[in-house]
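Let's take a walk through this model, one piece at a time. Have the sequence and the 3D view open side by side as you read.

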Amino acid sequence: MSTTLPIDQMIDTQRGTISREIFVSPEFHAAELEKLFTRAWLFVGHESQIPKPGDFFVSRMGQESVILCRDSRGAVHVFLNSCRHRGMKICRYEQGNTSLFVCPYHSWSYTTDGKLQGVPLYRSLYEGVLNREDWSLIEVPRLACYKGTVWASWDAEAPDFLTYLGGAVDHLDQVLDCRDGRPGGSEVIGVHKWILPTNWKFAAENFLGDTYHNPSHRSVDMIGIGPSGEKGQRRDNEYNKGQHVWVGFPQGHGMHSVWMPEQQEYQPGYAQYPEVDEYFRHCFEERKRRQGDKARLMPFTGNLFPNTSYHGRQPRGLCVWHPHSPTETEAWRFFLVDADAPAAVKDVLRRFYMRYSGPAGMTEQDDMENWLYATQSSMGTIARRYPFNYQASMGAYKTNDPIPGDVSLQITDQTPRNYYRVYSRYLKGDGWDSLLGRDLQPIQRAAE
Ligand code: FES
Ligand SMILES: [Fe+2]
(Lines give C-alpha, C1' and ligand atoms only; values in the text may rest on other atoms or scores of the structure.)
(Ligands and ions follow the chains in the order given, each with its own letter.)
Protein backbone atom coordinates (compact mmCIF):
# COMPACT_ATOMS: atom_id res chain seq x y z
CA MET A 1 0.00 0.00 0.00
CA SER A 2 1.59 3.28 -1.01
CA THR A 3 0.22 6.21 0.91
CA THR A 4 -1.48 9.22 -0.59
CA LEU A 5 -1.94 10.82 2.81
CA PRO A 6 -0.57 14.39 2.97
CA ILE A 7 1.66 13.47 5.89
CA ASP A 8 3.98 16.46 5.80
CA GLN A 9 1.14 18.98 5.82
CA MET A 10 -0.48 17.19 8.72
CA ILE A 11 2.63 16.68 10.83
CA ASP A 12 4.70 19.87 10.91
CA THR A 13 7.22 19.32 13.69
CA GLN A 14 9.16 22.44 12.70
CA ARG A 15 6.18 24.67 13.33
CA GLY A 16 4.91 22.46 16.15
CA THR A 17 1.47 21.65 14.76
CA ILE A 18 -0.18 18.30 14.15
CA SER A 19 -3.49 17.70 12.44
CA ARG A 20 -6.30 16.10 14.39
CA GLU A 21 -6.76 13.78 11.41
CA ILE A 22 -4.01 11.48 12.66
CA PHE A 23 -6.08 10.86 15.80
CA VAL A 24 -9.46 10.28 14.20
CA SER A 25 -9.25 9.30 10.54
CA PRO A 26 -9.71 5.71 9.36
CA GLU A 27 -7.10 6.34 6.64
CA PHE A 28 -4.37 7.11 9.16
CA HIS A 29 -5.44 4.15 11.26
CA ALA A 30 -5.15 1.84 8.24
CA ALA A 31 -1.74 3.30 7.33
CA GLU A 32 -0.50 2.75 10.89
CA LEU A 33 -1.51 -0.92 10.84
CA GLU A 34 0.03 -1.44 7.43
CA LYS A 35 3.26 0.50 7.79
CA LEU A 36 4.03 0.94 11.46
CA PHE A 37 2.72 -2.04 13.41
CA THR A 38 4.11 -4.46 10.80
CA ARG A 39 7.64 -3.15 11.32
CA ALA A 40 8.29 -1.66 14.76
CA TRP A 41 9.39 -3.82 17.68
CA LEU A 42 6.33 -4.42 19.86
CA PHE A 43 6.08 -5.67 23.45
CA VAL A 44 4.19 -8.98 23.62
CA GLY A 45 4.62 -10.18 27.19
CA HIS A 46 6.94 -11.27 29.97
CA GLU A 47 8.73 -14.56 30.44
CA SER A 48 7.39 -14.83 33.99
CA GLN A 49 3.95 -15.33 32.39
CA ILE A 50 5.14 -18.48 30.63
CA PRO A 51 7.64 -20.11 33.03
CA LYS A 52 7.01 -23.79 32.08
CA PRO A 53 7.13 -25.71 28.78
CA GLY A 54 3.71 -25.52 27.13
CA ASP A 55 2.76 -22.26 28.89
CA PHE A 56 1.16 -19.65 26.66
CA PHE A 57 -0.18 -16.11 26.92
CA VAL A 58 -2.37 -14.74 24.15
CA SER A 59 -1.19 -11.25 23.25
CA ARG A 60 -1.64 -8.70 20.48
CA MET A 61 0.52 -6.99 17.90
CA GLY A 62 -1.37 -4.02 16.51
CA GLN A 63 -4.86 -5.29 15.80
CA GLU A 64 -3.86 -8.94 15.48
CA SER A 65 -3.97 -11.68 18.08
CA VAL A 66 -0.71 -13.56 18.68
CA ILE A 67 0.27 -16.45 20.94
CA LEU A 68 3.34 -16.05 23.15
CA CYS A 69 4.36 -19.61 23.93
CA ARG A 70 7.16 -21.65 25.51
CA ASP A 71 7.65 -24.88 23.56
CA SER A 72 8.32 -28.31 25.01
CA ARG A 73 12.08 -27.69 24.88
CA GLY A 74 11.80 -24.31 26.62
CA ALA A 75 12.22 -21.99 23.61
CA VAL A 76 10.01 -18.89 23.35
CA HIS A 77 7.87 -18.28 20.24
CA VAL A 78 5.32 -15.76 19.03
CA PHE A 79 2.75 -17.05 16.51
CA LEU A 80 -0.10 -15.40 14.68
CA ASN A 81 -3.24 -16.72 16.39
CA SER A 82 -4.90 -17.89 13.19
CA CYS A 83 -5.21 -21.37 11.74
CA ARG A 84 -3.45 -22.00 8.43
CA HIS A 85 -6.49 -23.94 7.15
CA ARG A 86 -9.33 -21.37 7.16
CA GLY A 87 -8.11 -18.78 9.65
CA MET A 88 -9.96 -19.78 12.82
CA LYS A 89 -8.52 -18.34 16.03
CA ILE A 90 -6.44 -21.25 17.26
CA CYS A 91 -6.36 -20.27 20.90
CA ARG A 92 -9.32 -18.55 22.52
CA TYR A 93 -8.03 -18.62 26.09
CA GLU A 94 -6.14 -15.71 27.60
CA GLN A 95 -3.40 -17.93 29.00
CA GLY A 96 -2.75 -21.50 30.08
CA ASN A 97 -0.68 -24.60 29.40
CA THR A 98 -1.02 -27.07 26.56
CA SER A 99 0.91 -29.68 24.61
CA LEU A 100 -1.05 -28.97 21.41
CA PHE A 101 -3.06 -26.10 19.98
CA VAL A 102 -6.11 -27.80 18.47
CA CYS A 103 -8.12 -25.67 16.08
CA PRO A 104 -11.79 -25.63 17.15
CA TYR A 105 -13.04 -25.50 13.52
CA HIS A 106 -11.79 -28.63 11.65
CA SER A 107 -9.33 -29.82 14.30
CA TRP A 108 -5.98 -29.24 12.68
CA SER A 109 -3.50 -29.28 15.55
CA TYR A 110 -0.16 -27.61 16.09
CA THR A 111 2.68 -28.39 18.49
CA THR A 112 3.98 -25.71 20.84
CA ASP A 113 6.79 -24.94 18.42
CA GLY A 114 4.17 -24.15 15.77
CA LYS A 115 4.45 -27.27 13.59
CA LEU A 116 1.30 -28.65 12.00
CA GLN A 117 0.84 -32.09 13.55
CA GLY A 118 -2.70 -33.46 13.25
CA VAL A 119 -4.80 -33.19 10.10
CA PRO A 120 -8.06 -35.20 10.36
CA LEU A 121 -8.56 -37.64 7.46
CA TYR A 122 -5.08 -36.83 6.22
CA ARG A 123 -4.65 -40.08 4.28
CA SER A 124 -7.91 -39.90 2.37
CA LEU A 125 -8.07 -36.16 1.76
CA TYR A 126 -4.53 -34.81 1.53
CA GLU A 127 -2.00 -37.61 1.11
CA GLY A 128 0.68 -36.69 -1.42
CA VAL A 129 -0.52 -33.08 -1.69
CA LEU A 130 -0.33 -31.39 1.67
CA ASN A 131 3.13 -31.19 3.14
CA ARG A 132 2.74 -30.49 6.84
CA GLU A 133 6.07 -28.63 6.94
CA ASP A 134 4.62 -25.94 4.69
CA TRP A 135 1.66 -25.22 6.94
CA SER A 136 3.15 -24.39 10.33
CA LEU A 137 1.71 -21.54 12.35
CA ILE A 138 2.91 -18.17 11.11
CA GLU A 139 5.76 -17.10 13.36
CA VAL A 140 7.25 -13.63 13.83
CA PRO A 141 10.57 -13.37 11.99
CA ARG A 142 12.14 -11.32 14.78
CA LEU A 143 11.93 -12.04 18.49
CA ALA A 144 13.91 -10.66 21.41
CA CYS A 145 13.89 -11.49 25.10
CA TYR A 146 15.31 -8.72 27.23
CA LYS A 147 15.48 -8.96 31.03
CA GLY A 148 12.30 -11.03 31.09
CA THR A 149 10.37 -8.90 28.57
CA VAL A 150 9.51 -10.39 25.17
CA TRP A 151 9.40 -8.24 22.02
CA ALA A 152 8.65 -9.06 18.40
CA SER A 153 8.65 -7.48 14.95
CA TRP A 154 7.02 -8.64 11.72
CA ASP A 155 9.85 -7.09 9.70
CA ALA A 156 12.63 -9.59 8.96
CA GLU A 157 14.87 -6.61 8.12
CA ALA A 158 14.32 -4.84 11.44
CA PRO A 159 17.51 -3.96 13.34
CA ASP A 160 18.20 -5.99 16.47
CA PHE A 161 16.15 -4.96 19.48
CA LEU A 162 18.96 -3.18 21.34
CA THR A 163 19.81 -1.08 18.27
CA TYR A 164 16.12 -0.22 18.01
CA LEU A 165 16.07 0.81 21.68
CA GLY A 166 19.23 2.92 21.43
CA GLY A 167 19.91 5.05 24.49
CA ALA A 168 16.40 4.35 25.84
CA VAL A 169 17.80 1.10 27.21
CA ASP A 170 19.31 2.89 30.23
CA HIS A 171 15.84 4.03 31.25
CA LEU A 172 14.18 0.68 30.51
CA ASP A 173 16.87 -1.05 32.60
CA GLN A 174 15.82 1.00 35.60
CA VAL A 175 12.26 -0.24 35.11
CA LEU A 176 13.18 -3.91 34.70
CA ASP A 177 16.10 -4.31 37.11
CA CYS A 178 15.55 -5.39 40.69
CA ARG A 179 15.07 -2.51 43.07
CA ASP A 180 18.41 -3.41 44.65
CA GLY A 181 20.20 -2.97 41.32
CA ARG A 182 20.58 -6.60 40.22
CA PRO A 183 19.98 -6.86 36.46
CA GLY A 184 16.50 -8.10 35.50
CA GLY A 185 14.62 -10.21 38.02
CA SER A 186 11.17 -8.68 37.67
CA GLU A 187 7.92 -10.64 37.38
CA VAL A 188 4.41 -9.76 36.29
CA ILE A 189 1.98 -9.99 39.21
CA GLY A 190 -1.10 -9.24 37.15
CA VAL A 191 -2.41 -7.78 33.92
CA HIS A 192 -5.29 -5.36 33.61
CA LYS A 193 -7.05 -5.22 30.26
CA TRP A 194 -9.74 -2.79 29.26
CA ILE A 195 -11.06 -0.89 26.27
CA LEU A 196 -11.35 2.87 26.15
CA PRO A 197 -12.83 5.17 23.51
CA THR A 198 -9.71 7.06 22.51
CA ASN A 199 -6.97 7.05 19.92
CA TRP A 200 -4.00 5.00 21.15
CA LYS A 201 -1.55 7.84 20.53
CA PHE A 202 -3.14 10.05 23.18
CA ALA A 203 -2.05 7.50 25.76
CA ALA A 204 1.40 6.83 24.29
CA GLU A 205 2.09 10.54 24.05
CA ASN A 206 1.01 11.13 27.62
CA PHE A 207 3.75 8.75 28.79
CA LEU A 208 6.39 10.39 26.58
CA GLY A 209 6.66 12.97 29.33
CA ASP A 210 3.49 15.05 29.38
CA THR A 211 4.15 16.38 32.87
CA TYR A 212 2.20 19.46 31.79
CA HIS A 213 -1.09 17.72 32.54
CA ASN A 214 -0.31 17.35 36.23
CA PRO A 215 -3.15 19.70 37.32
CA SER A 216 -5.71 17.17 36.07
CA HIS A 217 -4.54 14.85 38.87
CA ARG A 218 -5.20 17.43 41.56
CA SER A 219 -7.89 15.36 43.27
CA VAL A 220 -5.69 12.26 43.71
CA ASP A 221 -2.88 14.46 44.97
CA MET A 222 -5.21 16.04 47.50
CA ILE A 223 -6.46 12.80 48.96
CA GLY A 224 -3.01 11.19 48.84
CA ILE A 225 -3.37 7.72 47.30
CA GLY A 226 0.39 7.02 47.58
CA PRO A 227 1.88 4.18 49.60
CA SER A 228 2.23 6.41 52.65
CA GLY A 229 -1.13 8.11 52.18
CA GLU A 230 0.47 11.54 52.50
CA LYS A 231 -1.73 14.38 51.36
CA GLY A 232 -0.55 16.61 48.54
CA GLN A 233 0.97 13.90 46.37
CA ARG A 234 -0.12 10.65 44.78
CA ARG A 235 3.09 8.68 45.39
CA ASP A 236 5.92 8.80 47.93
CA ASN A 237 8.34 11.49 46.94
CA GLU A 238 11.60 9.73 46.22
CA TYR A 239 12.53 12.23 43.51
CA ASN A 240 12.35 15.46 45.43
CA LYS A 241 16.08 16.28 45.38
CA GLY A 242 16.63 15.39 41.70
CA GLN A 243 16.81 17.26 38.40
CA HIS A 244 13.82 16.37 36.23
CA VAL A 245 14.82 15.60 32.64
CA TRP A 246 12.68 15.09 29.53
CA VAL A 247 14.62 12.94 27.09
CA GLY A 248 14.14 11.97 23.44
CA PHE A 249 16.01 9.49 21.23
CA PRO A 250 16.23 9.41 17.41
CA GLN A 251 14.28 6.11 17.25
CA GLY A 252 11.21 7.95 18.60
CA HIS A 253 11.42 6.88 22.25
CA GLY A 254 10.87 9.52 24.91
CA MET A 255 10.68 9.73 28.65
CA HIS A 256 10.53 11.84 31.77
CA SER A 257 13.18 10.72 34.23
CA VAL A 258 14.96 12.25 37.20
CA TRP A 259 18.73 12.67 37.50
CA MET A 260 19.50 12.43 41.19
CA PRO A 261 22.38 14.26 42.92
CA GLU A 262 25.66 12.41 43.34
CA GLN A 263 25.08 12.13 47.06
CA GLN A 264 21.56 10.85 47.30
CA GLU A 265 19.83 9.72 50.44
CA TYR A 266 16.94 7.33 50.86
CA GLN A 267 13.62 9.17 51.14
CA PRO A 268 11.51 7.24 53.64
CA GLY A 269 8.18 6.04 52.26
CA TYR A 270 5.54 3.39 52.89
CA ALA A 271 4.93 4.98 56.29
CA GLN A 272 2.16 2.57 57.24
CA TYR A 273 4.26 -0.47 56.38
CA PRO A 274 7.61 -0.49 58.26
CA GLU A 275 8.58 -3.86 56.75
CA VAL A 276 8.12 -2.52 53.23
CA ASP A 277 9.96 0.68 54.01
CA GLU A 278 12.85 -1.36 55.39
CA TYR A 279 12.91 -3.47 52.21
CA PHE A 280 13.13 -0.40 49.98
CA ARG A 281 15.70 1.29 52.22
CA HIS A 282 17.90 -1.79 51.89
CA CYS A 283 17.28 -1.90 48.11
CA PHE A 284 18.20 1.77 47.78
CA GLU A 285 21.58 1.32 49.45
CA GLU A 286 22.32 -1.89 47.53
CA ARG A 287 21.39 -0.26 44.22
CA LYS A 288 23.77 2.64 44.89
CA ARG A 289 26.54 0.21 45.76
CA ARG A 290 25.96 -2.02 42.71
CA GLN A 291 25.22 0.55 40.04
CA GLY A 292 27.27 3.56 41.14
CA ASP A 293 26.58 6.54 38.90
CA LYS A 294 23.87 4.67 36.99
CA ALA A 295 21.77 4.60 40.14
CA ARG A 296 21.38 8.36 39.78
CA LEU A 297 18.89 7.74 36.97
CA MET A 298 15.35 7.33 38.31
CA PRO A 299 12.70 6.61 35.68
CA PHE A 300 9.37 8.34 35.97
CA THR A 301 7.30 7.65 32.83
CA GLY A 302 8.28 6.85 29.25
CA ASN A 303 7.09 5.51 25.94
CA LEU A 304 9.09 3.14 23.76
CA PHE A 305 8.10 3.71 20.16
CA PRO A 306 5.36 3.19 19.20
CA ASN A 307 2.95 1.96 21.90
CA THR A 308 4.72 0.53 24.95
CA SER A 309 4.66 2.87 27.91
CA TYR A 310 6.05 2.45 31.38
CA HIS A 311 5.89 3.74 34.91
CA GLY A 312 9.37 3.28 36.31
CA ARG A 313 9.00 3.39 40.08
CA GLN A 314 5.63 4.12 41.67
CA PRO A 315 3.63 2.34 40.36
CA ARG A 316 5.96 0.11 38.35
CA GLY A 317 4.86 -1.56 35.15
CA LEU A 318 4.52 -1.61 31.40
CA CYS A 319 1.41 -0.60 29.51
CA VAL A 320 0.60 -1.33 25.91
CA TRP A 321 -1.93 0.64 23.88
CA HIS A 322 -3.41 -1.67 21.25
CA PRO A 323 -5.27 0.08 18.44
CA HIS A 324 -8.77 -1.25 17.72
CA SER A 325 -9.97 1.59 15.54
CA PRO A 326 -9.04 5.27 15.17
CA THR A 327 -11.10 6.03 18.25
CA GLU A 328 -10.88 2.82 20.27
CA THR A 329 -7.91 1.45 22.18
CA GLU A 330 -7.37 -1.69 24.22
CA ALA A 331 -5.11 -0.94 27.17
CA TRP A 332 -3.03 -3.66 28.83
CA ARG A 333 -1.12 -2.93 32.00
CA PHE A 334 1.51 -5.40 33.16
CA PHE A 335 2.36 -4.77 36.82
CA LEU A 336 5.93 -5.56 37.86
CA VAL A 337 7.58 -6.47 41.15
CA ASP A 338 10.91 -8.04 42.08
CA ALA A 339 10.26 -11.77 41.73
CA ASP A 340 12.04 -12.50 45.00
CA ALA A 341 10.50 -9.67 47.05
CA PRO A 342 8.81 -10.72 50.33
CA ALA A 343 5.09 -11.47 50.02
CA ALA A 344 4.22 -8.48 52.24
CA VAL A 345 6.03 -6.12 49.84
CA LYS A 346 4.28 -7.59 46.80
CA ASP A 347 0.93 -7.26 48.49
CA VAL A 348 1.35 -3.60 49.43
CA LEU A 349 2.55 -2.82 45.91
CA ARG A 350 -0.32 -4.74 44.32
CA ARG A 351 -2.87 -2.72 46.25
CA PHE A 352 -1.14 0.57 45.48
CA TYR A 353 -0.90 -0.32 41.76
CA MET A 354 -4.64 -0.97 41.56
CA ARG A 355 -5.42 2.20 43.52
CA TYR A 356 -3.33 4.23 41.09
CA SER A 357 -3.58 2.52 37.68
CA GLY A 358 -5.80 0.38 35.53
CA PRO A 359 -9.47 0.82 34.67
CA ALA A 360 -10.44 1.58 38.27
CA GLY A 361 -7.18 3.28 39.21
CA MET A 362 -7.83 6.78 40.41
CA THR A 363 -4.94 8.42 38.54
CA GLU A 364 -5.59 6.50 35.34
CA GLN A 365 -9.25 7.54 35.42
CA ASP A 366 -8.19 11.19 35.27
CA ASP A 367 -6.01 10.44 32.26
CA MET A 368 -8.65 8.41 30.45
CA GLU A 369 -11.20 11.16 30.89
CA ASN A 370 -8.85 13.59 29.17
CA TRP A 371 -8.04 11.22 26.31
CA LEU A 372 -11.59 10.15 25.55
CA TYR A 373 -13.05 13.67 25.59
CA ALA A 374 -10.13 14.97 23.49
CA THR A 375 -10.81 12.20 20.96
CA GLN A 376 -14.56 12.84 20.89
CA SER A 377 -14.26 16.57 20.53
CA SER A 378 -11.72 16.23 17.72
CA MET A 379 -14.03 14.19 15.50
CA GLY A 380 -16.29 16.98 14.22
CA THR A 381 -15.99 18.51 10.77
CA ILE A 382 -15.12 21.92 12.16
CA ALA A 383 -12.77 20.58 14.85
CA ARG A 384 -10.78 18.65 12.27
CA ARG A 385 -9.84 21.86 10.45
CA TYR A 386 -7.75 23.00 13.41
CA PRO A 387 -4.46 21.37 14.35
CA PHE A 388 -3.15 20.64 17.84
CA ASN A 389 -0.40 22.75 19.35
CA TYR A 390 3.02 21.18 20.09
CA GLN A 391 5.05 24.36 20.53
CA ALA A 392 6.15 24.08 24.16
CA SER A 393 9.89 24.63 24.65
CA MET A 394 10.84 24.94 20.97
CA GLY A 395 14.56 24.27 20.64
CA ALA A 396 15.09 24.32 24.40
CA TYR A 397 17.18 21.20 24.83
CA LYS A 398 20.76 20.01 24.82
CA THR A 399 22.28 16.81 23.55
CA ASN A 400 23.92 14.37 25.97
CA ASP A 401 23.81 16.78 28.91
CA PRO A 402 23.61 15.72 31.72
CA ILE A 403 22.67 12.27 30.37
CA PRO A 404 22.59 10.72 26.85
CA GLY A 405 19.83 11.80 24.45
CA ASP A 406 18.20 15.10 23.58
CA VAL A 407 17.57 16.44 27.05
CA SER A 408 15.29 19.25 28.18
CA LEU A 409 15.40 20.53 31.74
CA GLN A 410 11.89 21.92 31.49
CA ILE A 411 8.50 20.58 30.42
CA THR A 412 8.62 20.25 26.65
CA ASP A 413 6.84 19.14 23.50
CA GLN A 414 10.24 18.18 22.12
CA THR A 415 9.65 14.48 22.87
CA PRO A 416 6.27 14.32 21.05
CA ARG A 417 7.65 16.41 18.16
CA ASN A 418 10.44 13.87 17.86
CA TYR A 419 7.96 10.98 18.21
CA TYR A 420 5.75 12.27 15.38
CA ARG A 421 8.79 12.95 13.19
CA VAL A 422 9.60 9.24 13.46
CA TYR A 423 5.91 8.30 13.11
CA SER A 424 5.65 10.18 9.81
CA ARG A 425 8.75 8.38 8.50
CA TYR A 426 7.13 5.00 9.18
CA LEU A 427 3.96 6.07 7.41
CA LYS A 428 6.00 7.12 4.38
CA GLY A 429 7.60 3.66 4.29
CA ASP A 430 11.18 4.85 4.95
CA GLY A 431 14.09 2.44 5.31
CA TRP A 432 15.61 1.51 8.66
CA ASP A 433 18.46 4.03 8.52
CA SER A 434 15.85 6.76 8.35
CA LEU A 435 13.62 5.17 11.00
CA LEU A 436 16.59 5.02 13.37
CA GLY A 437 17.45 8.66 12.61
CA ARG A 438 20.93 7.76 11.38
CA ASP A 439 20.82 10.50 8.74
CA LEU A 440 20.30 13.32 11.22
CA GLN A 441 22.52 15.40 13.42
CA PRO A 442 21.08 15.79 16.94
CA ILE A 443 19.90 19.37 16.45
CA GLN A 444 18.16 18.49 13.16
CA ARG A 445 15.98 15.96 14.88
CA ALA A 446 13.96 18.70 16.48
CA ALA A 447 13.84 20.93 13.43
CA GLU A 448 12.94 18.54 10.66
S1 FES B 1 -9.85 -23.46 10.32
FE2 FES B 1 -8.55 -24.56 11.60
S3 FES B 1 -8.83 -26.59 11.05
FE4 FES B 1 -10.07 -25.51 9.68
FE1 LIG C 1 -1.59 11.36 34.06
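Strand β11 (142-146) runs antiparallel to strand β12 (residues 149-153), and five bridges join the two. Strands here are DSSP runs of E with at least two residues, helices are DSSP runs of H or I with at least four residues, and both are numbered from the N terminus. Two strands pair if DSSP finds at least two bridges between them. If you want a spot to look at, find leucine 143, which stands opposite alanine 152 in β12.

A word on what you're looking at: this is a predicted model, where local features need pLDDT of at least 70 and side-chain atom pairs count only at pLDDT 80 or more, while totals for chains, interfaces and linings use all residues. Residues are numbered from 1 along each chain as its sequence is written, and chains are lettered from A and ligands numbered from 1 in the order in which they are written.

Back to the sheet. It's an open one of three strands, in the order β3-β12-β11, with antiparallel pairing. β3 (42-46) and β11 sit at the edges with a single partner strand each, so one side of each has no neighbour in the sheet. From one strand to the next, the twist averages 25°.

Another open sheet of three strands is ordered β1-β2-β20, again with antiparallel pairing. Its edges are β1 (11-12) and β20 (388-389), each with a single partner strand, so one side of each is left without a neighbour in the sheet. β1 pairs with β2 (residues 17-18) over two bridges, and aspartate 12 has threonine 17 in β2 as its bridge partner.

Now zoom out. The chain has 14 helices and 22 strands. Its radius of gyration (taken over C-alpha atoms) is 23 Å, close to the 22 Å that the globule rule (2.2 Å times the number of residues to the power 0.38) gives for 448 residues, so the chain is as compact as a globular protein of that length. Along its principal axes, the C-alpha trace spans about 75 × 55 × 40 Å.

On to the helices. α7 (residues 200-207) and α11 (residues 362-376) pack at about 135°, with their axes 9 Å apart. Axes are lines fitted to C-alpha atoms, for helices over the stretch in contact, and angles run from 0 to 180 degrees between N-to-C directions. That angle is why α7 and α11 count as oblique to each other; the cut-offs are under 35 degrees for roughly parallel, over 145 for roughly antiparallel, 65 to 115 for roughly perpendicular, and oblique for the rest. Phe202, Ala203 and Asn206 of α7 meet Asp367, Trp371, Ala374 and Thr375 of α11, where contact means C-beta atoms, placed from the backbone, within 7 Å.

Which way do α9 (residues 274-291) and α10 (residues 343-356) pack? Their angle is about 100°, with the axes 9 Å apart, so α9 and α10 are roughly perpendicular to each other. The contact takes in Glu275, Val276 and Tyr279 of α9 and Ala344, Val345 and Val348 of α10.

Most residues other than glycine have a negative phi, and most peptide bonds are trans. Leucine 121, though, has a positive phi near 60°, in the loop between β10 (116-118) and α4 (122-125). The bond from phenylalanine 305 to proline 306 is cis, with omega near 0°, and the one from aspartate 401 to proline 402 is cis too, with omega near 5°.

Terms used. Contact = placed C-beta atoms within 7 Å.
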